[in-house]
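Visitor: Could you take me through one part of this model in close-up? I'd like to look at the place where the two chains meet, and then at what lies behind it on either side.

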Amino acid sequence: MPILSVTHLSLTLNSQQILKNVTFSVEQGEVIGLIGPNGSGKTTLFNVLSGFLKPTSGVMHFRDADITSVSPAQRARLGIGRVFQNFGIFREMTLEENVLVALEALPKEQRMLLGSIKDAVKGTLDMVGLSHHAKKKAGSLSGGQMRLLEIARTLKSGKELFLLDEPTAGVSPKMTRQVADLIGELKKEGKTVLIIEHDLPFISQICDRVLVLDVGEVVLSGAPREIKHDKKLQEIYFGADAAPY
Amino acid sequence: MPRFYNLPEMPFFFHLITVIAIALPAQLGYTFVFGRGKILHFGPIGVSTVAAYGTFLTLNATGSFLLGLCAGVLMALAFSLLFAWLSFRLDSDGLGIMSIAVYLALFAVVLNWTSLTRGALGLPRIPRVPFADSAMSFALLTTGACVLWTLFFLWLDRTKLARQVSALAEGEWHAKALGISRAGAHIAAFVILGLTLASDNFFYAQYYHLLHPSDYYFPAFVSLLMITVAGKPGSTPGAIIATILLSLLKEGLRFLPFPSAVLGPLRLMLFGIILLAAVWIQRDTLFPKKRTI
């Protein structure tokens, strides 16, 4: 059974159809890249999957539960984690509080599995080498450090499905490697990842499968090596006369 | 003997203590909701109105302070829940306007239901609790309550609820994506504010032996807002210091050689200027920059 299945999902906002009949499913442990030109509806699809936008039609199942009308907070408690494009870190809070607030929001049973919350917070900060900044305000971190902290926090909070929205945007090449390593760790642990990225070599390196979205529709799907020479991808992503990446 | 113990001046000292002790819990409650949570809630004065009338109409009818307090608490909780419900159905600006509208409606009922509230005449001869009839004992009672509330808020600042309220204020979607329920956090914050308002109003009318609607005009809310902003929004120690300093300033103005008809507007103007200066100084941090996805 797929961990996530999306069936005939459509969304219309202000009389404009943003998502059109989107259908796909994701198996447990898969890392799936979601690519497409700007305005193709990738982040909107994530907003629908995480419950911030209600679809006009269609259904979504997480494991065997229909989550179409479930609130964002409940989806998070069910095990869907989200890393935002614009940093989901609370800049006015310390690094320690940023991790603590995520772990405290877990359902009680999951919190119990973590053991000591204090140790779990320290472990999370250690994971990304930020434990010596624990008492600093998160706003003082660089963009890359914020990104790593956000991914580590989501990872540590026991989610099963991760929606990562451009996790390498504005991140140095060194930290991009660290992000890739963190995603690799998620895969090793059998977690499922849906990732929006514009960095196609990065996507090819880490993803099992790629979905290409254009004008709100899934137009291509397949393994990175299968689709990267597809003419349709070249057309919609790079323009008709572009060379393959 | 030090001047502090000069007996003729003691009543004013007790008055200062009492005024600060009555005001502080509600101030801390508002600092939690507006300062920390950035929830644009202008309704505390409305909750105060219904809590005060609930308390003292019940007291007049039954003669029981306990029943009066329970009625005040219930009224405060009911209207706090109403405001909490509005807060998760309206955005921040909408809540600000709606909370003023709800306050005006409540105040109109209090002023016009004269058979029950005596309208603009207010409720005179409000008794004090029997064991705290003197200035000193009343000051001790209110200070005791104030210390308990202060300890509660200092503890609250380090709790999960405080972190969740801060997270929701800074990035609502980001907080929800972690599993934080806005409804749960807002209900808890509004209920705590409601309880502090019930406590504040239980003592306030007893102290002056009078429950008068003029104490619940909207400008009375300005000092609550001003202290929250001046004391650094969301900071419990800041709110404590600002309450003490601004209460001393407010009471100190009594010694200026002006008639009371001049002192009232002067006080309001002064507080308006302080609010303006505090907002200007903290204009970048008063509300966090809203982030879009």
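Guide: Let's start with a working rule: a salt bridge here is a side-chain nitrogen of Lys or Arg within 4 Å of a carboxyl oxygen of Asp or Glu. Keep in mind, too, that this is a predicted model.

With that rule, the count between chain A and chain B comes to one salt bridge. The partners are A:E104 and B:R163, and their closest N and O atoms sit 2.5 Å apart. A:E104 turns up again when you look at area: together with A:F52 and A:F90, A:E104 supplies 26% of what chain A buries against chain B, more than any other three residues. As for the whole interface, about 2,000 Å² is buried between chain A and chain B, with 64% of that on carbon and sulfur atoms. On the chain A side 27 residues are in contact, and they meet 19 residues of chain B.

Now step back into chain A. Over all chains the structure holds 14 salt bridges, and one of them pairs A:E92 with A:K137 at 3.9 Å, N to O. A:E92 is in the loop between strand 6 and helix 3 of chain A, while A:K137 is in the loop between helix 5 and helix 6, so this pair ties together parts that are 45 residues apart in sequence.

Over in chain B, let's follow how some helices pack. Two packed helices are described by the angle between their axes and the distance between the axes. Take helix 1 (residues 10-36) and helix 11 (residues 236-252) of chain B: their axes come within 9 Å and cross at roughly 140°. That angle makes helix 1 of chain B oblique to helix 11 of chain B, and the crossing is right-handed. Helix 1 of chain B brings residues including B:F12, B:L16, B:I20 and B:Q27 to the contact, and helix 11 of chain B brings, among them, B:A239, B:I240, B:I244 and B:E251. Sorted by class, the contact of helix 1 with helix 11 of chain B has 11 nonpolar, six polar and one charged residues.

Next, compare helix 2 (residues 44-62) and helix 4 (residues 92-112) of chain B, with axes that come within 8 Å and cross at roughly 30°. Helix 2 of chain B is therefore roughly parallel to helix 4 of chain B, and the crossing is left-handed. From helix 2 of chain B come B:I45, B:G46, B:T49, B:V50 and B:Y53, meeting B:Y103, B:L106, B:F107 and B:V110 of helix 4 of chain B. That contact divides into seven nonpolar, two polar and no charged residues.

Last stop: helix 6 (residues 135-156) and helix 9 (residues 182-208) of chain B, where the axes come within 11 Å and cross at roughly 170°. So helix 6 and helix 9 of chain B are roughly antiparallel to each other. B:F138, B:W149 and B:F152 are among the contact residues of helix 6 of chain B, and those of helix 9 of chain B include B:I192, B:F203 and B:Y207. The classes for the contact of helix 6 with helix 9 of chain B are 11 nonpolar, four polar and no charged.

Methods
Residues are numbered from 1 along each chain as its sequence is written. Chains are lettered from A and ligands numbered from 1 in the order in which they are written. This is a predicted model: local features need pLDDT of at least 70, side-chain atom pairs count only at pLDDT 80 or more; totals for chains, interfaces and linings use all residues. Side-chain values use heavy atoms; hydrogens and water are left out. Axes are lines fitted to C-alpha atoms, for helices over the stretch in contact, and angles run from 0 to 180 degrees between N-to-C directions. Helices (H or I, at least four residues) and strands (E, at least two) are DSSP runs, numbered from the N terminus. Angles under 35 degrees count as roughly parallel, over 145 as roughly antiparallel, 65 to 115 as roughly perpendicular and the rest as oblique. A crossing is left-handed if the near helix is turned anticlockwise from the far one by less than a right angle, and right-handed if clockwise. Contact means heavy atoms within 4.5 Å. Ala, Val, Leu, Ile, Met, Phe, Trp, Tyr, Cys and Pro count as nonpolar, Asp, Glu, Lys and Arg as charged, and the others, Gly among them, as polar. Buried area is the accessible area (1.4 Å probe) that two parts lose on being put together, summed over both.
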